[in-house]
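I am opening a notebook on this structure.

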Amino acid sequence: MPALRKRWLGNEVMNTPNDIQVDIVVPNQTRYLSLIGNIGEAIAKELDRYQGDRETLAYHLNLVLTEAMANAIRHAHHDNSKKTVRVKIHIDHHQLCIEVYDQGQGFDLESVPEPDPGAPVDHGRGLFLIRTLMDEVEYRRGKDGNVLIMKKKLG
Amino acid sequence: MKLEIDKQNDWTILHLLEPRLDAHNSGELKDRILKLLESGDKQLVIDLSEVRFIDSSGLGALLSGYKNANLHHGSLVLAGPQSRVKSMFELTRLNQVFDIYASVAEALAGE
């Protein structure tokens, strides 16, 4: 069904009628974590095509959004309140995709160590949680900014 | 951060009255716990029953409190986590570090 297929125009996705896309920019402050997390949670509760437990998915989306945004605010932007964080959430029939943009130095996702349960420390679990809860995680560095892309299958 | 502090015998109970424990308020929690330990309140129960969401920095603040309690020859235990909050401790295996009780009453009884 060609009508339902996505058409790509540059980097923008043309939505099909049942898609949801949210594109939001907030100040680089941790007080906005709950706003973004709650949007993820509210969206998850609407996903009647999701096979698993929607309440659990809601918590998990709240969590990955909170973790990814906190990373951008703290580590990429060093709490600079003049910066902003952009978050995009796109849901189509098959999957949910979250993108969190930053203008920091960037990092190598592969070199982030897994937490050591034998010697727990009080930081460094954010990306571990994101990787555990999402199906695909990718970090792209670019000269105009970086983006953490997190995908979850809905089928 | 909204919290209430109760004392019962040797125990100091911190009732966290925030629905979210995240990077916005976890630093303050870490400081509050450290100040209590430094002022001599060394047996701490953290009542999580009102917390419906915790992120990695919230877990980190509690772990920092746990370690600081040990350094002060005290202890820090957790009480009453909601199921999804409790599952975060399991996912990160921090349930192997903390003593987690179903309620404050059970924590005080050491059950």
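**Salt bridges**

I began with a count: the structure holds nine salt bridges over all chains. The model is a predicted one, and I read every entry below with that in mind.

I looked up Arg86(A) next. Arg86(A) forms a salt bridge with Asp23(A), with the closest N and O atoms 2.6 Å apart. This pair links distant parts of the chain, 63 residues apart. Arg86(A) sits in strand S4 (residues 84–91) of chain A, and Asp23(A) in strand S3 (residues 20–27) of chain A. Arg86(A) is partly exposed, at a relative accessible area of 30%. Asp23(A) is also partly exposed, at 40%.

Then I turned to pairs between chains. Asp53(A) forms a salt bridge with Arg84(B), the closest N and O atoms being 3.3 Å apart. Asp53(A) is in the loop between helix H1 (33–46) and H2 of chain A, while Arg84(B) is in helix H3 of chain B. Asp53(A) is partly exposed, with a relative accessible area of 42%. Arg84(B) counts as partly exposed at 27%.

I found another such pair in Lys30(B) and Asp122(A), whose side chains meet in a salt bridge at 3.7 Å, N to O. Lys30(B) lies in helix H1 (residues 26–38) of chain B and Asp122(A) in the loop between strand S5 (95–102) and H3 of chain A, so the pair joins two chains. Lys30(B) is partly exposed, with a relative accessible area of 35%. Asp122(A) counts as partly exposed at 29%. I also noted a network: salt bridges that share partners join Glu41(A), Lys45(A) and Arg52(B).

**Where the chains meet**

How many residues of each chain are in contact? I get 22 residues of chain B and 28 residues of chain A. The two chains bury about 2000 Å² between them, and 59% of this is on carbon and sulfur atoms. Across this interface I count three salt bridges. I also find 11 residue pairs in polar contact there.

On chain B, the elements that give two or more residues to this side are strand S5 (53–54), helix H2 (56–71) and helix H3 (83–91). H2(B) gives the most, with five residues. By class, I note nine nonpolar, five polar and eight charged residues on the side of chain B that touches chain A.

**Helix H3 of chain A**

Is this helix enclosed or open? Six of the eight residues of helix H3 (residues 126–133) of chain A are buried, so the helix is largely enclosed by the rest of the structure. Among the buried residues I list Phe128(A), Leu129(A) and Ile130(A). Their cover includes helix H2 (54–76), strand S6 (136–142) and strand S7 (145–153) of chain A, together with H2 and H3 of chain B.

**Strands of chain B**

Last, I traced an open sheet of five strands in chain B, in the order S1-S2-S4-S6-S7, with mixed pairing. Its edge strands are S1 and strand S7 (100–101), each pairing on one side only.

Strand S1 (residues 3–8) and strand S2 (residues 11–16) of chain B run antiparallel, joined by six bridges. In their hairpin, with two residues between the strands, Asn9(B) takes a positive phi near 50°. S2(B) pairs in the parallel sense with strand S4 (residues 43–47) of chain B, over four bridges.

I followed Thr12(B) across. Thr12(B) is the bridge partner of Lys7(B), and Thr12(B) stands opposite Leu44(B) in S4(B).

Conventions
Residues numbered from 1 in each chain as written. Chains lettered and ligands numbered in written order. Predicted model: local features only at pLDDT ≥ 70, side-chain atom pairs only at ≥ 80, totals over all residues. Heavy atoms only, no water. Contact = heavy atoms within 4.5 Å. Buried area = accessible area lost by both parts, 1.4 Å probe. Salt bridge = Lys/Arg side-chain N within 4 Å of Asp/Glu carboxyl O. Polar contact = N/O pair within 3.5 Å; in protein donor to acceptor, adjacent residues only side chain to side chain. Nonpolar A, V, L, I, M, F, W, Y, C, P; charged D, E, K, R; others polar. Pairing = 2+ DSSP bridges. Buried < 20%, exposed > 50% of the residue type's maximum accessible area, 1.4 Å probe, protein only.
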